[in-house]
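Subject: Handing over the model

Hi,

Here is the structure I said I'd pass on. Have a look at it first, and then read on for what turned up.

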Amino acid sequence: MASHRGKNGSGILSALFLTGLAWSSHASADESSGMHPSIVHDAQSPNTSWAASVRAALAQRIIRSGERVQTGLASWYGGRFAHKSTSSGHSFSPAEMTAAHPSAPIGTKLLVSSPETGRSVVVTVNDRGPYRRGRIIDLSHEAASRLGMLNRGVAHVTIRPASSEDVLEVAQAPDNSGK
């Protein structure tokens, strides 16, 4: 019985380790631009929960690893998930600029760009997902609309952590979403 528990425990730790490696090899925060993922708890605090310390460690790995880019398929989700609780603890709103990512720290701002439409959006990670194989991010309805991918349902995208300049530039861009 004890050996069975050992296998399960090491499997969970391996999965967490691989999740951290997957994100750190694809996306990060750029420390020089002052961009840091939101971390709720200090990893050094004696009262920090295990999950919070893991999130903090993953966020620090991202900050130290330098900027990385992730490319792949994005999908979007909306209506039936409206008002349901997200991993961040907030209710999901299809009208907000949010996204679900498998391993980016909750609260991280990501720049999502579509080479097909030439558009970019800045989203805040507030949930986990996508749960469909082959997809790297799920965007809210509003983010997908502004990216110009509503009619197709999926789109090829590039994801990287958003700098403060990216947030300002995307916010000032004209809204010609062409839903």
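To get going, in which strand is Asp-138 found? Asp-138 sits in strand β5; helices (H or I, at least four residues) and strands (E, at least two) are DSSP runs, numbered from the N terminus. Before more on that residue, a word on what you're looking at.

This is a predicted model, so to speak of local features I needed pLDDT of at least 70, side-chain atom pairs count only at pLDDT 80 or more, and totals for chains, interfaces and linings use all residues. Residues are numbered from 1 along each chain as its sequence is written, and side-chain values use heavy atoms, with hydrogens and water left out.

The overall picture

The pLDDT (the predictor's confidence in each residue, from 0 to 100) averages 74 for the protein, and 63% of the residues score at least 70. Over residues 1–45 the pLDDT stays under 50, and there the model has 67 contacts beyond four places in sequence. A contact here means heavy atoms within 4.5 Å.

The secondary structure comes to four helices and six strands, and along the sequence the pattern reads α-α-β-β-β-β-β-α-β-α. Of the 179 residues, 36% count as buried, where buried means under 20% relative accessible area, exposed means over 50%, and partly exposed is in between (1.4 Å probe, protein chains only). Among contacts between residues at least 6 apart in sequence, 73% join residues at least 24 apart.

How the strands pair

Two strands count as paired if DSSP finds at least two bridges between them. Strand β1 (residues 70–77) runs antiparallel to strand β6 (residues 154–161), with six bridges joining them; Thr-71 has Thr-158 as its bridge partner in β6. β1 also pairs with β5 (residues 135–140), this time in the parallel sense and over five bridges. There, Leu-73 is partnered by Arg-135.

Then there is β3. Four of its five residues are buried, so β3 is largely enclosed by the rest of the structure. Five bridges link β3 to strand β4 (residues 120–127) in an antiparallel arrangement, with Leu-111 partnered by Val-122 in β4. The two strands make a hairpin with six residues between them, and Gly-118 in the turn has a positive phi of about 75°. β3 is also antiparallel to β6, through four bridges, and Leu-110 stands opposite Pro-161 in β6.

Back to Asp-138

A salt bridge is a side-chain nitrogen of Lys or Arg within 4 Å of a carboxyl oxygen of Asp or Glu.

What Asp-138 does have is a polar contact of 2.2 Å with the side chain of Ser-75. (A polar contact is a pair of N or O atoms within 3.5 Å; within protein, one must be able to donate a hydrogen and the other to accept it, and residues adjacent in sequence count only if both atoms are side-chain atoms.) Not counting residues up to four places away in sequence, Asp-138 touches several residues, including Trp-76, Tyr-77 and Pro-130.

Leaving aside neighbours within four places in sequence, Arg-135 is in contact with Leu-73, Ser-75, Pro-130 and Val-154.

The salt bridges

How many salt bridges are there? The count comes to two. In one, Glu-116 and Arg-152 have their closest N and O atoms 3.5 Å apart. That pair links distant parts of the chain, 36 residues apart: Glu-116 lies in the loop between β3 and β4, and Arg-152 in the loop between α3 (141–147) and β6. Glu-116 is partly exposed at 44% relative accessible area, and Arg-152 is also partly exposed, at 43%.

The other joins Arg-146 to Glu-142, with the closest N and O atoms 2.8 Å apart. These two are four residues apart in helix α3, so about one helical turn separates them. Arg-146 is partly exposed, with 36% relative accessible area, whereas Glu-142 counts as buried at 17%.

One last spot

Thr-108 is in the loop between β2 (98–100) and β3 (109–113). Thr-108 is buried, at 7% relative accessible area, and a polar atom of its side chain lies 2.7 Å from the backbone oxygen of Pro-105.

Cheers
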